[in-house]
Amino acid sequence: MPKILVLNGPNLNLLGTREPEIYGHTTLQDINDRIGKRAAEAGIAVDFLQSNHEGVLVDAVQAANHKYDYIIFNAAAFTHYSIALRDAIAAIEVPVIEVHLSNIHQREEFRHTSVLAPVAMGQICGLGAESYMAALEAIICKLKG
Ligand code: CA2
């Protein structure tokens, strides 16, 4: 059975509780439930991890090598400056799809740069929770070959 890992970075545990004008009312648990349901329909196993700590995420990316077929990753603020996460992604063979709830290119200048994008398979942003769902649909298509 194919396996995917859904990784979420700092402060995404607060989703649905603050700044609803930017991030909406959906909680991370709601998003994970939707992903889990669609993945189960498609016969894909999913693991989820959210951490506020860069090193925990680096460890998770490293440990994912040869264990998962794809990673869906919202690295949150680390997207914009974590060379450690970029190096970890570059060091593994598992393709990573970078996702964001908001359109980072429409926001403050410092969010326009993703240091992860050059080593990611692709980037999906601005679709809210559907950014994750679109990444999952892409994975389902790719797994079908
Ligand atoms: O749009 C996204 O998904 C982001 O990755 C979210 C990050 C932000 O730093 C990136 O530039 C874009 C922030 C996640 C913080 O989430 C919160 C949710 C609710 C309340 C406060 C923060």
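This is a predicted model: local features need pLDDT of at least 70, side-chain atom pairs count only at pLDDT 80 or more; totals for chains, interfaces and linings use all residues.
Residues are numbered from 1 along each chain as its sequence is written, and side-chain values use heavy atoms, without hydrogens and water.

The largest pocket holds about 410 Å³ of space. A pocket here is an open set of points on a 1 Å grid over the protein atoms alone, where a 1.4 Å probe fits, with protein on both sides within 12 Å along at least five of seven lines. Its lining, meaning residues with an atom within 4 Å of a point, comprises 19 residues, with Pro10, Asn11, Leu12, Tyr23 and Ala76 nearest the centre.

Asn74 belongs to strand 3, residues 70–74, a strand being a DSSP run of E with at least two residues. Asn74 counts as buried because its relative accessibility is 3%, the limit being under 20% with a 1.4 Å probe and protein chains only. The side chains of Asn74 and Tyr132 form a polar contact of 3.1 Å; such a contact is a pair of N or O atoms within 3.5 Å, of which, within protein, one must be able to donate a hydrogen and the other to accept it.

Asn74 is also among the closest of the 17 residues that surround the ligand, each with a heavy atom within 4 Å of it. A ligand oxygen atom lies 2.7 Å from a polar backbone atom of Leu101. For Ser102, an N or O atom of the side chain is 2.5 Å from an oxygen atom of the ligand, and for Arg111 the corresponding distance is 2.8 Å.

Notes:
Grid points are joined across faces, edges and corners, and a volume is the space filled by probe spheres set on the points. Helices (H or I, at least four residues) and strands (E, at least two) are DSSP runs, numbered from the N terminus. Buried means under 20% relative accessible area, exposed over 50%, partly exposed in between (1.4 Å probe, protein chains only).
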